[in-house]
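Work through the exercises below with the sequence and the model in view. Try each task before reading its solution.

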Amino acid sequence: MADIESLIDWPLITGGNMTRMALPTPTLHTARLRLRPFDDADADDLFALHSSAYVLRYWDAPPWSERVRAERFITACRQMAQGGTGARLAVDRISDGTFIGWCSLNRWNPDYRSASLGYCFDDAAWGHGYATEAARVLLRWAFDTLDLNRVQAETDTRNVASARVLEKLGFVREGTLREDCVVNGEVSDSWVYGLIRREWRPSSEPVPAR
């Protein structure tokens, strides 16, 4: 801007108070990719990804200039899992083990059965269908494990490649947020996309348990 583990005794919202438990970050596999929890060794690759002005040219935040930002990002991923609000996974290419980006499902609300999808991939990995492949297996896990009804995503209106990924996944463009971001000092619009459970069409590709 996309092994399956079951949740045990996941608490629901009771009396308006949400009691959360840690959400185990899964490890997921596709034919070409492995999605896994971040670890400390990912900091350099993560910094290289997020310090690229070209990769982040449509983001609503500037490129990183300090490596410590990568360390904070990894800490935030663990806090997300511990707080039970979602999962952010590193994406490796199986053929050579190269880190190529990440994909996330956050802002999970068990009361509304909703969440938000996000992803970021190195420009050398663009054009190969990796973002679609990663997001699809993460969505499958999320719909099956979190019992979601709706997933939302947003993208800069100039980012046609990201919009294409969402549409391949079955997301429907629902509207435009006018001038909702400032990107590189320039006011920009965002498209809002939504995917409803009854419209979700998972790939027929099997996901092996790990």
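**Exercise 1.** Is Cys181 buried or exposed, judged by its relative accessibility?

Solution. Start with how the model is read. This is a predicted model, in which local features need pLDDT of at least 70 and side-chain atom pairs count only at pLDDT 80 or more, while totals for chains, interfaces and linings use all residues. Residues are numbered from 1 along each chain as its sequence is written, and side-chain values use heavy atoms, with hydrogens and water left out.

Step 1: take the cut-offs. Buried means under 20% relative accessible area, exposed means over 50%, and partly exposed lies in between (1.4 Å probe, protein chains only).
Step 2: apply them. Cys181 has 14% relative accessibility, so Cys181 is buried. Cys103, at 0%, is buried as well.
Step 3: look for disulfides (a pair of cysteine sulfur atoms within 2.5 Å). The structure holds zero of them.

**Exercise 2.** Describe the surroundings of Pro63.

Solution. Pro63 belongs to the loop between helix 1 (43-50) and helix 2 (68-83). Helices (H or I, at least four residues) and strands (E, at least two) are DSSP runs, numbered from the N terminus.
Step 1: check accessibility. The value for Pro63 is 28%, so Pro63 counts as partly exposed.
Step 2: list contacts (heavy atoms within 4.5 Å). Apart from neighbours within four places in sequence, Pro63 touches His50, Ser51, Ser52, Ala53 and Leu56.
Step 3: compare chain and space. Pro63 and Ser52 are eleven residues apart along the chain, and their C-alpha atoms are separated by 6.1 Å.

**Exercise 3.** Which kind of aromatic pair do Trp59 and Trp102 form?

Solution. Step 1: recall the rule. Rings of Phe, Tyr and Trp (its six-membered ring) pair if their centres lie within 6.5 Å; planes under 30 degrees apart are stacked, over 60 edge-to-face, and the rest tilted.
Step 1: count. There are seven aromatic pairs in the structure.
Step 2: classify. The centres of Trp59 and Trp102 are 6.1 Å apart with 75° between the planes, and the pair is edge-to-face.
Step 3: locate the partners. Trp59 is in the loop between helix 1 and helix 2 and Trp102 is in strand 4, so the pair ties together parts 43 residues apart in sequence. Trp59 is buried at 17%, and Trp102 is buried at 5%.
Step 4: widen the view. Ring pairs join Phe38, Trp59, Trp64, Phe73, Phe99 and Trp102 into a cluster.
Step 5: look for a charge over a ring (NZ of Lys or CZ of Arg within 6 Å of the ring centre and within 35 degrees of the ring normal). Arg88 sits over the face of Trp102, at 5.3 Å from the ring centre.

**Exercise 4.** Where do Asp44 and Arg67 lie?

Solution. Step 1: state the rule. A salt bridge is a side-chain nitrogen of Lys or Arg within 4 Å of a carboxyl oxygen of Asp or Glu. The structure holds 14 salt bridges.
Step 1: examine the pair. Asp44 and Arg67 form a salt bridge, with the closest N and O atoms 2.6 Å apart.
Step 2: place the residues. Asp44 is in helix 1 and Arg67 in the loop between helix 1 and helix 2, so the bridge ties together parts 23 residues apart in sequence.
Step 3: check accessibility. Asp44 is partly exposed at 48%, and Arg67 is partly exposed at 35%.
Step 4: note a network. Salt bridges link Arg34, Arg36, Asp42 and Asp92.
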